[in-house]
Amino acid sequence: MTRSISPALKAQRVLPGFRLTMGFTLLYLSLIVLIPLSMIVLKTSTLSWAQFWSAVASPRAMASYRLSLGASLVGAMMNVLFGSVVAWALVRYDFPAKRFMDGLVDLPFALPTAVAGIAMTTLYAPNGWVGRYFHALGIPVAYTWLGIVVVLTFIGLPFVVRTVEPVIQDLDAAVEEAASSLGANRWQAIRRVILPELLPALLTGFALSFARGLGEYGSVIFIAGNMPMRTEITPLLIMIKLEQFDYAGATAIALVFLVVSFGLLLGVNVLQRRLRK
Amino acid sequence: MSIELRAITKIFGDFTALHDVSVTVPTGELVALLGPSGSGKTTLLRIIAGLETPERGEVLFDGKEATHRTASDRRVGFVFQHYALFRHMSVFDNVAFGLRVKPRRERLPEPAIADKVHELLRLVQMERLSARYSSQLSGGQRQRVALARALAVQPKILLLDEPFGALDAQVRQELRRWLRRLHDEIGITSVFVTHDQDEALEVADQVVVMHEGRVEQIGTPEEVYEHPATPFVYHFLGNVNLFHGRVEGDKVNLGEFSMQLPTGAALDTPQAVGYARPHLLEIELQPTGAPQFKATVRHINAAGPMVKVELVTGSGSVMHAEIAQERYRQLQLRKGVPVFVSVKEMKVFNAPQNMLGGGI
Amino acid sequence: MNGPSLTEPRFVRWGLIAVTLVYLGIFLVIPLAAVFVKALEKGVGVYWAAVSDPAALSAIRLTLTTAAIAVPLNMLFGLAASWAIAKFEFRGKQILMTLIDVPFSVSPVISGMIFVLLFGAQGLLGPWLVAHNLKIIFAVPGIVLATVFVTFPFVARELIPLMEAQGSEEEEAAVTLGANGWQTFWRVTLPNVKWGLLYGVILCNARAMGEFGAVSVVSGHIRGMTNTLPLHVEILYNEYQFSAAFAVASLLCLLALVTLAAKSLVERKVRVGKEAA
């Protein structure tokens with residue numbers, strides 16, 4: 001005679017502690033992340049469409065979007081271009097101070113953004129160590145759009161390098177040898193065989209660098225000059241609206257911002273998966 | 001302690017790993033769960049241990065219901081396929097683990113624990129390596145530590161999941177015999193899972209042959225080898241020669257010759273399949289009047305205690321025969337020599353739907 | 001290294017190395033050096049005065065306190081979440097992991113803003129808090145909350161892939177040997193993940209101490225009370241006390257360098273641990 005197992009037995013898990021850890025995880029997640037984040041949606045829902053639109057699409061806001069998006073884009077592209085070179089050199093070559101440089105790549109991760117901000121501003125100011133040369137050439141860096149790009153490049157530097165490095169390390173030497181034995185010269189081998197393999201990682205690094213740059217605040221506000229319509233980034237605009245107690249306006253812009261960032265990351269995830277196939 | 005599994009059914013998603021499986025393991029016996037991968041044997045072992053829960057059915061230890069007991073309550077010793085040694089602990093600490101996590105009332109003082117551990121390590125011949133870590137041990141050594149660790153808590157049942165699967169042939173042979181001796185010494189009820197039929201036949205008291213989540217046959221090694229209950233068991237254990245034929249009355253017509261049906265053969269279709277082990281084929285140089293078929297010697301492998309002769313029949317099927325060395329010398333067989341073959345004993349089954357291989 | 005056909009011509013190699021050194025030099029080494037040089041520009045006396053100033057000291061205290069609360073909390077969460085996710089099967093696992101990563105991709109200003117929306121005077125719970133004379137925004141609790149939010153995923157992100165790579169066989173073995181949940185976790189799992197845990201804690205701590213944007217929003221910038229070290233740097237800089245600002249910034253730089261050193265030491269151990277799994 002067979003007996004049906006009671007539901008209690010069916011749900012039994014072999015290792016203990018699931019309910020405790022899962023419960024704590026969900027509680028903590030809700031308290032710290034989900035509930036606070038939901039405030040954005042809550043607040044935005046108190047706005048009428050007209051109010052929402054005027055906050056989100058005001059000339060000042062639009063200018064800040066252009067700036068944030070544009071500067072992050074350029075910074076991310078710089079990092080892809082040079083970061084891949086750096087990653088290649090760090091993995092494939094030996095040179096003096098290599099280990100020091102390798103460790104230093106993570107500096108933007110570890111350094112507080114305010115410190116980066118004041119350091120960069122001082123360096124690129126008209127009388128700064130680096131800024132003076134640019135100034136002499138008639139290209140001001142600090143307090144301009146260019147300064148923002150410089151800082152965002154710094155911020156996003158490790159994302160590309162650290163994402164691409166392991167891929168270069170795992171490259172199969174046999175594939176390169178095959179290409180070479182089939183008559184490809186070094187440049188062709190790199191372009192046709194290696195680069196396609198690095199593409200997913202480069203894309204991921206680009207997206208991470210871009211996303212990080214979009215939301216960056218602390219390092220940018222020192223070098224930017226922060227003039228509305230000219231050098232005001234979106235996070236600063238949000239901050240200013242908060243200080244003016246325009247919570248609704250701040251939230252509306254924040255919502256748009258979040259949607260764009262999440263959309264970006266999602267898109268990259270999808271692209272990655274497709275490329276991996 | 002005896003184990004009884006009643007009507008165990010286990011389903012993973014939409015895959016049924018075990019269909020209504022019932023097995024009894026008497027106290028003190030060493031039982032092998034033998035079958036190809038996917039047969040459900042490891043799942044069944046894990047159900048005994050409490051590492052999986054069945055959808056239906058019961059597990060009883062010594063006649064008492066144990067299906068609801070957790071793995072840590074069941075006091076079974078489990079030896080994992082890849083040993084699962086605690087990688088950050090020394091051999092000594094690994095074996096002592098079970099003794100150290102006992103509740104305070106049951107726990108022995110450290111010196112007593114140390115004595116037990118040393119005793120066990122001596123038993124598995126790993127005493128000198130007690131300070132080593134698992135990464136510093138060979139596969140066979142890790143296996144012995146895993147065994148000592150499982151035995152340390154004095155389990156009533158010992159379960160081993162493909163214990164020798166990851167080792168090379170020589171080590172496998174030695175450890176196989178060593179396990180049998182150990183079992184004889186300790187006398188603990190043991191169940192081990194294997195896909196290696198030599199292992200099961202050599203070591204176990206009883207063999208449970210499994211296939212696709214069902215039990216094909218349970219018996220002693222001789223029983224399952226000499227008297228297989230189903231075609232699958234026949235195929236899985238040892239070499240086999242296949243004969244296709246039709247049932248005619250009390251005989252089976254295999255083309256060139258007919259054989260008396262063995263008594264008790266239950267056949268409900270006219271198409272039949274005959275199975276004969278290589279050592280049951282007898283080779284003659286001349287017809288003897290007994291039911292025989294003609295064949296030509298294709299290949300001879302005379303190395304080893306028995307001589308393996310490969311034969312090709314008139315219809316092109318290949319048969320394998322095993323004869324004694326003296327008989328081989330008597331017949332003076334050579335490649336290409338025509339011979340007459342009779343079958344001493346044949347097991348006849350219904351022809352299954354998908355038959356491969358040849359026959360007469 | 002590789003044979004002649006598998007590497008670039010010498011001049012290309014040295015060109016790439018040069019580019020690497022210049023790029024990293026400009027973006028990493030020079031800013032780092034600038035901080036220390038500027039800090040000591042006016043002599044050690046001024047440096048010391050800036051660092052031992054009461055406002056600076058209380059900023060140090062606040063930064064340390066915040067980290068001392070945020071890091072252990074997130075460590076506890078990381079351990080619980082990775083146990084639930086890595087050792088058990090359940091539906092919605094992917095969603096849970098994505099949710100845990102969310103604070104990573106939220107801009108710091110927005111991270112602070114949501115707590116203002118929740119606890120600020122005009123926020124959802126504002127009136128209730130005022131009625132009970134509790135201050136969260138513009139006070140220490142707000143700073144701690146915002147810091148917990150931004151450093152939320154660090155430990156979990158390290159532990160989850162590590163535990164998944166290590167599997168649950170050792171835990172199953174422990175259970176068959178009679179261990180209960182705590183014993184299994186404490187004696188078997190924890191020692192196996194100790195390096196990954198340390199790595200996550202190091203990163204979590206660096207971010208907790210250096211966070212600027214989110215803390216800036218919730219802080220109120222009340223000198224001597226709600227200023228963390230990064231905020232203090234900002235205030236000094238905005239008051240044109242450059243040497244003092246850089247002096248305090250140099251402390252944060254030292255923290256960053258120590259973080260980098262600890263990180264690379266532990267990283268090696270983590271990699272070995274993953275490979276041995």
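## Contacts, cores and a helix

Q: How many residues of chain C are in contact with chain B, and what makes a pair a contact?
A: 15 residues of chain C are in contact with 18 residues of chain B. Each such pair passes one test: the two C-beta atoms, placed from the backbone, lie within 7 Å.

Q: Which elements of chain C give two or more residues to the side that touches chain B?
A: They are α9 (169–176) and α10 (181–210) of chain C. The largest share comes from α9(C), with six residues. By class, this side of chain C holds seven nonpolar, five polar and three charged residues. Nonpolar means Ala, Val, Leu, Ile, Met, Phe, Trp, Tyr, Cys or Pro; charged means Asp, Glu, Lys or Arg; the others, Gly among them, are polar.

Q: What kind of model is this, and how are its residues numbered?
A: It is a predicted model, in which local features need pLDDT of at least 70, side-chain atom pairs count only at pLDDT 80 or more, and totals for chains, interfaces and linings use all residues. Residues are numbered from 1 along each chain as its sequence is written, while chains are lettered from A and ligands numbered from 1 in the order in which they are written.

Q: How many residues does the contact between chain C and chain A take?
A: It takes 73 residues from chain C and 72 from chain A. On the chain C side, helix α1 (residues 10–39) gives the most, with 16 residues. That side has 52 nonpolar, 13 polar and eight charged residues.

Q: How many helices and strands does chain C have, and what makes a run count as one?
A: Chain C has 13 helices and zero strands. Helices are DSSP runs of H or I with at least four residues, and strands are runs of E with at least two, numbered from the N terminus.

Q: How do you know what length to expect for helix α4 of chain B?
A: The expected span is 1.5 Å times one less than the number of residues. Helix α4 (residues 139–152) of chain B has 14 residues, so it should span 20 Å; its end C-alpha atoms are 20 Å apart, which agrees.

Q: Why is α4(B) called mostly covered?
A: Eleven of its 14 residues are buried. Buried means 20 or more other C-beta atoms within 10 Å of the residue's own; 12 or fewer means exposed, and in between is partly exposed, with C-beta atoms placed from the backbone. Among the buried residues are Arg142(B), Val145(B) and Leu151(B). The buried residues pack against β6 (76–79), α2 (91–100), α3 (110–123), β7 (157–161) and α5 (169–186) of chain B.

Q: What makes a set of residues a nonpolar core, and which members of the largest one touch the most others?
A: The set must be buried Ala, Val, Leu, Ile, Met, Phe, Trp, Tyr and Cys residues, joined through C-beta atoms within 7 Å. The largest core has 162 residues, and Val115(A), Met113(C), Val248(C) and Ala249(C) touch the most other members. Helix α3 (residues 54–87) of chain C gives the largest share, 14 residues.

Q: Why does this core lie between domain 1 and domain 2 of chain C?
A: Domain 1 (1–39) and domain 2 (43–276) both give residues to the core, so it lies between them. The domain bounds come from an automatic or database assignment. A second, separate core of 106 residues includes Leu175(B) and Phe257(B).
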